Amino acid sequence: HGHTKGDAVVRVGGQVRFHGVSMKPGMPQLYASLDGNRHLFGLPGNPLSVLTGFYELILPALRRLSGCPGESCVRHMRLPLAAPFRAAKGNRTEFILARLRWIGGPAVEPIDSHGSADIVAAALADGMFAVAPGAGQYPEGTAVEFTPCNPTW
């Protein structure tokens, strides 16, 4: 009792590289390395936390480990917001589910989500965009870094 996932990794000979990331949803991400060029990724339990951690951390890491050049491991598109958006207060980078809309070109429309277990919102999303801590109001047309999560993108 009182053991963490990090303790279990150490017991099998792994070295925890990080356990906890300043992001919402998905703070309790874990990454560890083991001998023999083995890697262990630990994801939180809520569906949106898993989605965010996979697309923002794990998929880019797997691309890099597969030999992808560093600059092309993270797939973001800089696109305008289709509607104004007010960021929640907090001290973590927040990832907002969104869908793509065509408004004279591609634009990002935020999706209302009711927490990190909202799989209905996740099913409606084409991806997500990052909101900096304390960012406040984003007017319509503000360019954001959109991460596609839909396999067709």
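The legends below describe close-up views of a predicted model.

Residues are numbered from 1 along each chain as its sequence is written, and side-chain values use heavy atoms, without hydrogens or water. Local features need pLDDT of at least 70 and side-chain atom pairs count only at pLDDT 80 or more, while totals for chains, interfaces and linings use all residues.

**View 1. The hairpin of strands E3 and E4.** Strands are DSSP runs of E with at least two residues, numbered from the N terminus. E3 (residues 30-34) and E4 (residues 38-42) run antiparallel and are joined by five bridges; two strands pair if DSSP finds at least two bridges between them. Tyrosine 31 has phenylalanine 41 in E4 as its bridge partner. Three residues stand between the strands, and glycine 36 takes a positive phi near 80°.

**View 2. Histidine 19 in strand E1.** Strand E1 covers residues 15-19. Histidine 19 counts as partly exposed because its relative accessibility is 39%; buried means under 20% relative accessible area, exposed over 50%, and partly exposed in between (1.4 Å probe, protein chains only).

**View 3. The largest nonpolar core.** Such a core is a set of buried Ala, Val, Leu, Ile, Met, Phe, Trp, Tyr and Cys residues joined through side-chain atoms within 4.5 Å. This one has 13 residues, and Leu81 and Phe85 are among those with the most contacts inside it. Strands E7 (93-102), E9 (127-131) and E11 (143-148) each supply at least two of its residues. E7 gives the largest share, three residues.

**View 4. Contacts of leucine 81.** Leaving aside neighbours within four places in sequence, leucine 81 is in contact (heavy atoms within 4.5 Å) with residues including Val108, Phe129 and Tyr138.

Notes: Helix = DSSP H or I, 4+ residues; strand = E, 2+ residues; numbered from the N terminus.
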